[in-house]
Amino acid sequence: VIGLMGDGTPGVAQWVRLVPQPQSNNLMYGVVDQRSDLNTRFWNGAAWDTVVAHPEHDATVEDINDRNFDIVFETFPANLGRAWLVWGEGNLVGRKMWNGAGWGAQANTGDDTALVQLFAHPVSGDVLAAIYEDRTSATDDIREMHLTGGSAVWTALTQIWPGQTVNN
């Protein structure tokens, strides 16, 4: 699979996510390539946006063996068009918000990450991030953080399952 890299050059994609924005023709594309780069692009229903709107998020994600990133569009009515990117960015979990025109500042929390799964509840609009920690992490467990009521402030990363989860 050839991926659209953040710098506009083609590369071999290791992990790809294509997520729809509810009630629109818009899509967000995320890819980790063989160089461990994490990039995104936005489709407005007619064309892809530019590299300027989507600079590379991370040049060295946790690893390329696991899908350690995810993207989700919010479903809270006042936040339609807002999307979240969460990923394992080495020793921490990174996250950024897309406001419809560009990405906000990166925030970090947590530990080494093997898998990220995001979900936006279709009725309440709450967003859940489930994070399976990597076997090299300090605690090696499952953690979660979430947004409720349309807030842009994530809860603290909380352990929901102790002990080893995956063996990469």
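Q: Which residue in E7 is the bridge partner of Ala-83?
A: The bridge partner of Ala-83 in E7 is Trp-98. The model behind this is predicted, with local features needing pLDDT of at least 70 and side-chain atom pairs counting only at pLDDT 80 or more, while totals for chains, interfaces and linings use all residues. Residues are numbered from 1 along each chain as its sequence is written, and side-chain values use heavy atoms, with hydrogens and water left out.

Q: What makes E6 and E7 a pair of strands?
A: Two strands pair if DSSP finds at least two bridges between them. E6 and E7 have six bridges, running in the antiparallel sense, so they meet the definition. The hairpin they form has four residues between the strands, and Gly-90 there takes a positive phi near 115°.

Q: How many bridges let E7 pair with strand E8?
A: Three bridges join E7 to E8 (residues 107-109), again in the antiparallel sense. Val-93 stands opposite Thr-109 in E8.

Q: Why is strand E7 described as largely enclosed by the rest of the structure?
A: A residue is buried under 20% relative accessible area, exposed over 50% and partly exposed in between (1.4 Å probe, protein chains only). Five of the six residues of E7 (residues 93-98) are buried, so the rest of the structure largely encloses this strand.

Q: How many helices and strands does the protein have, and what makes a run count as one or the other?
A: There are twelve strands and zero helices. Of the 168 residues in the protein, 49% count as buried.

Q: Why is Trp-87 called buried?
A: Trp-87 has a relative accessibility of 0%, so it counts as buried. This residue is found in strand E6 (residues 83-88). Its C-alpha is 8.2 Å from that of Leu-115, which is 28 residues away in sequence.

Q: What makes the link between the side chains of Trp-87 and Asp-58 a polar contact?
A: A polar contact is a pair of N or O atoms within 3.5 Å; within protein, one must be able to donate a hydrogen and the other to accept it, and residues adjacent in sequence count only if both atoms are side-chain atoms.

Q: Which side chains make polar contacts with the side chain of His-54?
A: Thr-40 is one, at 2.7 Å, and Asp-49 is another, at 2.6 Å. His-54 sits in the loop between strand E4 (38-43) and strand E5 (69-73). With 0% relative accessibility, His-54 counts as buried.

Q: What makes Asp-49 and Arg-41 a salt bridge?
A: The definition asks for a side-chain nitrogen of Lys or Arg within 4 Å of a carboxyl oxygen of Asp or Glu. For Asp-49 and Arg-41 the closest N and O atoms are 3.2 Å apart, so the pair qualifies. Asp-49 is buried at 16% relative accessibility, and Arg-41 is buried at 8%. In general, side chains of opposite charge can pair when their charged atoms come close.

Q: How many salt bridges does the structure hold?
A: The structure holds eight salt bridges. Among them, Glu-74 meets Arg-82 at 3.3 Å, N to O. Glu-74 is buried at 1% relative accessibility, and Arg-82 is buried with a relative accessible area of 18%. Arg-17, Arg-67 and Asp-70 are linked in a network of salt bridges.

Q: How do you know that Phe-69 is buried, and which residues does it touch?
A: The relative accessible area of Phe-69 is 0%, so it counts as buried. Phe-69 lies in strand E5. Contact means heavy atoms within 4.5 Å. Leaving out residues up to four places away in sequence, Phe-69 touches residues including Trp-15, Val-32, Leu-38, Leu-85, Trp-87 and Val-116. Its C-alpha and that of Arg-95, 26 residues apart along the chain, are separated by 9.4 Å.

Definitions and conventions:
Helix = DSSP H or I, 4+ residues; strand = E, 2+ residues; numbered from the N terminus.
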